[in-house]
Amino acid sequence: MTIAQATAPRKRKRRALVWMIVIVVALALLAAGGFAAASYLRMWAQGSPDATEVAMPVAGPDSGLRRSFYSFGHTSTAIFLQTASPKVVEQRLPFQLGVVPQQFRVRVENIDYLGDERLGDIEIQSVYLGHMTGEGEFETDVRLSGREETRNSKFVTDWFDQETMQLDTDEEYLLGISFSAPAKTRVGVAPGVGWIRQGTENGALVDDKNRGAFNRAGTYLDISIDYTFEGEDVPVVAVFGHSLNAGANQNPDVPHKGEVEVWHQLWARDHGGSAASFAAAGAWTANFLADSPKWDRAADVDADYVAIWASSSDLVAGTTPDEVGSYWVALIAEARERWPDAQIVAFTEPPRGADGEGEQFRRQWNDFLRTSPEQIDVLVDTDKLLADPKNRRVLSPDYDGDGSHFSPAGHEAVARAFAKAISAS
C-alpha cells in the first residue's frame with residue numbers, strides 16, 4: 001500500500017460521532033432542566049457569594065523542572081447555556097495523578113477544542129482543589145481563585161506549590177469550578193464525568209450539601225491542570241487522537257470514571273509517569289494538522305513518547321487509507337518537530353462493528369501499520385488485543401463498553417500493552 005507523504009489540505013469540518021450526539025442531547029437536557037430536579041432539591045442551600053480566602057500563589061516554575069498537564073477531557077462540541085450571575089453552574093471533577101507535582105495551576109477555557117473555535121466569555125466564581133472523600137465530597141480543600149471574568153474565553157489561575165496542597169499519586173482529588181454564562185453564551189462540552197449542580201445561587205461550592213448530581217454524559221468547559229515535576233527518568237507521554245483516548249463509553253450498564261480510568265492515566269499511575277492528552281472525542285486525523293491551535297499546548301509537555309491513535313472515525317466513514325495516511329504523516333512530522341527526541345507510538349484501530357468499505361479500510365490501515373512504517377518507532381496492536389477472536393468485526397466481550405468504546409477492563413488492557421511495547425523498544 002502506498003501512503004502519500006505530502007500534507008493534504010485541511011478537510012471540511014467533520015460530523016461528530018454518534019455517541020457524541022448522545023452527549024449533546026444529555027447536556028442540552030441538563031441545560032434546559034432535564035436534570036434540574038437534583039439542583040432544585042438543593043435550592044434551599046442558596047447563599048451569598050463565597051467569601052473563602054484565596055490561597056497565596058508562588059512564583060512561576062523553576063527552569064530546572066519538567067512540565068506536563070492533566071486534561072479532564074477536551075471539548076468536542078458546544079451548546080447554548082444561560083446561567084447568568086448570580087445563578088451558577090458548579091462542577092466537581094475527579095482526578096488522580098501519576099507523578100507528584102512541584103507546582104501547579106488550573107486552566108479553564110470556553111472553547112470547542114475539536115473545532116478550533118473560541119466561544120463566549122464566562123465568569124468564574126470559584127476554583128477549588130481538595131481531597132475527595134466518599135462520592136464527590138470535598139475534604140481538606142483550598143480555594144485557588146475567586147470571581148474572575150475570562151479574557152478571550154480563557155482563564156488561568158496563578159501557580160501554587162505543595163505548601164498549598166500536597167497532591168500525592170495514591171489519592172483521588174476533586175477540582176471544583178463554579179461559573180456563570182450570560183444569555184446566549186455557547187459553552188463547550190467535553191466527554192468528562194463529574195458532579196454538576198446548576199441554576200442555583202452562588203455559595204460555598206465545597207459544602208457537602210451543595211454537591212450536584214453525578215453525570216457520566218459530559219461536563220462543561222475545557223479544563224486542565226498544568227504542573228511541573230522533578231525527575232529526568234519520569235516517563236511522559238503526549239496522546240493524540242479520538243475517543244478511544246477519552247475514557248468514556250455510552251453504555252449505562254458499563255460504568256466508568258472518565259479520564260481517571262483512561263488507558264494513558266492508568267499507565268501513568270502504574271509507572272510513576274505523566275500523560276498529557278491532546279485527544280478529543282470525535283477527532284479525525286486531519287484535526288491535528290500543523291496550523292491547529294491544539295499544538296499550542298505542546299510547549300507545556302516534556303514528552304518522551306507521542307501516542308498517535310487517531311484514525312478510526314476517518315476510516316469507518318469511508319476515507320481511504322491513502323488519504324488518512326497523508327494526514328497521519330503530517331501529524332507525525334509535527335510531533336517530530338515539537339519533540340525531536342521522543343519515540344512515536346502508533347496503535348492499530350480496533351473493531352467497532354462496521355460493515356462494507358469502512359471495515360475494509362480499517363483492516364487495510366492496520367495491515368499497513370503492521371509493516372512497521374518508517375514514520376513510527378513502536379506499534380501497539382490494539383486490534384489484535386481487543387477484537388473478539390470469534391468475530392474480528394467486534395470488540396471482545398471482555399473489553400466491550402458500548403460497541404465502539406472500551407470498558408474499564410479494555411483501558412487496563414491497553415495500558416498494559418502500551419507499557420510492554422515501549423519497554424521492548
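Tutor: A residue counts as exposed when its relative accessible area is over 50%, as buried when that area is under 20%, and as partly exposed in between. The model discussed here is predicted.

Student: Why is Lys 184 called exposed?

Tutor: Its relative accessibility is 74%, and the cut-off for exposed is over 50%; therefore Lys 184 counts as exposed. Lys 184 is located in strand β12 (residues 173-190). Although Lys 184 is not a glycine, its phi is positive, at about 65 degrees.

Student: Is Leu 221 buried or exposed, and how do you know?

Tutor: The relative accessible area of Leu 221 is 2%. Buried requires a value under 20%, so Leu 221 is buried. Leu 221 also has a positive phi, near 75 degrees, and is a residue other than glycine. Its place is the loop between β15 (219-220) and β16 (222-229).

Student: What makes Asp 381 partly exposed?

Tutor: Asp 381 has a relative accessible area of 21%. Buried would need a value under 20%, and exposed one over 50%; Asp 381 is therefore partly exposed. This residue sits in the loop between β21 (378-380) and α7 (382-386).

Student: How do you know that the side chains of Asp 381 and Thr 348 make a polar contact?

Tutor: The distance given for the pair is 2.8 Å, and the cut-off for such N or O atoms is within 3.5 Å. Leaving aside residues up to four places away in sequence, Asp 381 touches Thr 348 and Arg 370.

Student: How do you know that the span of helix α6 agrees with its number of residues?

Tutor: Helix α6 (residues 356-369) has 14 residues, which should span 20 Å at 1.5 Å a residue. The expected span uses one less than the number of residues. The end C-alpha atoms of α6 are 21 Å apart, so the span agrees.

Student: Which residues of α6 are buried, and what do they pack against?

Tutor: The buried residues of α6 are Gly 358, Glu 359, Phe 361, Arg 362, Trp 365, Asn 366, Phe 368 and Leu 369. Among the elements they pack against are α5 (321-338), β20 (343-347) and β23 (391-395).

Student: What makes up the lining of the second largest pocket, by residue class?

Tutor: The lining divides into three nonpolar residues, one polar and eleven charged. Asp, Glu, Lys and Arg count as charged. The pocket has a volume of about 250 Å³, and the residues closest to its centre include Glu 109, Arg 118 and Lys 294.

Definitions and conventions. Residues numbered from 1 in each chain as written. Predicted model: local features only at pLDDT ≥ 70, side-chain atom pairs only at ≥ 80, totals over all residues. Heavy atoms only, no water. Helix = DSSP H or I, 4+ residues; strand = E, 2+ residues; numbered from the N terminus. Buried < 20%, exposed > 50% of the residue type's maximum accessible area, 1.4 Å probe, protein only. Contact = heavy atoms within 4.5 Å. Polar contact = N/O pair within 3.5 Å; in protein donor to acceptor, adjacent residues only side chain to side chain. 1 Å grid on protein atoms, 1.4 Å probe; cavity = no way out; pocket = protein on both sides within 12 Å on 5 of 7 lines; lining within 4 Å. Points joined across faces, edges and corners; volume = space filled by probe spheres on them.
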